[in-house]
Amino acid sequence: MRLVIARCQVDYAGRLTAHLPMAERVLMVKADGSVLVHSDGGSYKPLNWMSPPCWLTEEDGSWTVENKAGEKLIITIEEILHEHAYDLGVDPGLIKDGVEAHLQELLAEHVSTLGDGWTLVRREFPTAIGPVDLMCRDADGSSVAVEIKRRGEIDGVEQLTRYLELLNRDPLLAPVRGVFAAQQIKPQARTLAEDRGIRCLTLDYDALRGTDSTEFRLF
C-alpha cells in the first residue's frame with residue numbers, strides 16, 4: 001500500500017470525461033495495481049479511481065494510469081506533502097454476515113437453480129485479490145463467477161468486475177462470465193452490471209431457506 005498526500009489535479013478520459021480541480025487529496029496505490037483518489041469528505045468512496053488491470057506511469061509532476069480499454073486517469077501533482085509505503089501482507093478477507101454466508105451455502109448446495117445443467121467448481125474460489133463466492137460451470141462447460149450480496153450496490157458490481165478481469169487472464173478458465181446475486185439490487189448497480197455483461201439475480205432469502213431442493217426458487 002502506497003499513500004501520497006498531494007496537491008493535485010485529476011482528469012479522467014474514457015467513456016466519459018471528468019475533472020477534479022487543483023486541491024489537496026490522498027492518492028492510494030494498492031498492491032493489486034488499483035489507484036484511488038480520495039478527499040477528506042464523501043465517506044469511504046473515492047472521488048475517482050482506476051481498477052486493475054491498469055498501469056501507472058510516473059513522470060516529473062504527473063501520474064498517468066491507463067487500463068487495457070485505453071481509459072486514462074491523469075493526475076497532475078503540484079506538490080507532494082507526504083508519502084509513505086507499507087506492505088500490509090495478505091488480507092484474510094471479509095467475514096460475511098449470517099444471511100450472506102447462508103445464501104452462499106444454499107446456492108452452492110443447489111447450484112442447478114442458477115441454471116439447468118450448472119455445476120459447482122468451488123466455493124470461495126481463490127484469486128490474488130480475494131475469493132470469488134462461487135465458481136461454477138454452465139451447461140456448456142463455460143466458467144461463471146458468482147458474487148453474492150445481501151444488498152446489491154455498485155461496489156459489489158465493481159468487486160465482481162475486478163474478479164472477472166483477473167480470472168479472464170487465466171487461459172484455463174477464460175472466458176469467464178459473471179452473475180451478481182443479491183436480495184436487493186439497486187437500479188444503478190443493475191444498470192452497471194448489465195452494461196458490463198453481468199447477469200443479475202434477485203434472491204428471496206426466506207423462500208430459499210424454507211424450501212427443499214425441489215422447491216428452490218430464484219426471483
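A helix axis here is a line fitted to C-alpha atoms over the stretch in contact, and angles run from 0 to 180 degrees between N-to-C directions. Helices (H or I, at least four residues) and strands (E, at least two) are DSSP runs, numbered from the N terminus. This is a predicted model: local features need pLDDT of at least 70, side-chain atom pairs count only at pLDDT 80 or more, and totals for chains, interfaces and linings use all residues. Residues are numbered from 1 along each chain as its sequence is written, and side-chain values use heavy atoms, with hydrogens and water left out.

Start with the whole chain. It has four helices and twelve strands. Of its 219 residues, 39% count as buried. Buried means under 20% relative accessible area, exposed means over 50%, and partly exposed lies in between (1.4 Å probe, protein chains only). Now take contacts, meaning heavy atoms within 4.5 Å. Among those between residues at least 6 apart in sequence, 48% join residues at least 24 apart.

Next, look at two helices. Two packed helices are described by the angle between their axes and the distance between the axes. The axes of α2 (residues 154–167) and α3 (residues 187–195) come within 8 Å and cross at roughly 20 degrees. The two helices α2 and α3 are therefore roughly parallel to each other. Angles under 35 degrees count as roughly parallel, over 145 as roughly antiparallel, 65 to 115 as roughly perpendicular and the rest as oblique. Which residues make the contact? From α2 come Ile154, Val157 and Glu158, and from α3 come Gln188, Ala189, Leu192 and Ala193. They divide into five nonpolar, one polar and one charged. Here Ala, Val, Leu, Ile, Met, Phe, Trp, Tyr, Cys and Pro count as nonpolar, Asp, Glu, Lys and Arg as charged, and the others, Gly among them, as polar.

Now turn to charge. Side chains of opposite charge can pair when their charged atoms come close. A salt bridge is a side-chain nitrogen of Lys or Arg within 4 Å of a carboxyl oxygen of Asp or Glu. How many salt bridges does the structure hold? There are nine.

One of them joins Arg2 to Glu83, with the closest N and O atoms 2.8 Å apart. Arg2 sits in strand β1 (residues 2–13) and Glu83 in strand β7 (residues 72–85), 81 residues apart. Arg2 is buried, at 19% relative accessible area, while Glu83 is partly exposed at 41%. Arg2, Glu58 and Glu83 are linked in a network of salt bridges.

Another pair is Glu71 and Arg15, whose closest N and O atoms are 3.4 Å apart. Glu71 lies in the loop between β6 (62–67) and β7, and Arg15 in the loop between β1 and β2 (17–29), so this pair ties together parts that are 56 residues apart in sequence. Glu71 is buried at 11%, but Arg15 is exposed at 62%.

Arg177 and Asp138 form a salt bridge too, at 2.4 Å between the closest N and O atoms. Arg177 is in strand β11 (residues 176–185), and Asp138 is in the loop between β9 (132–137) and β10 (143–152).

Finally, check the backbone. Most residues other than glycine have a negative phi, and most peptide bonds are trans. The bond from Pro52 to Pro53 is cis, with omega near 0 degrees. Pro53 is in the loop between β4 (48–50) and β5 (54–59). The bond from Ala174 to Pro175 is also cis, and Pro175 is found in the loop between α2 and β11. Glu124 has a positive phi of about 50 degrees, although it is not a glycine. Glu124 lies in strand β8 (residues 119–125).
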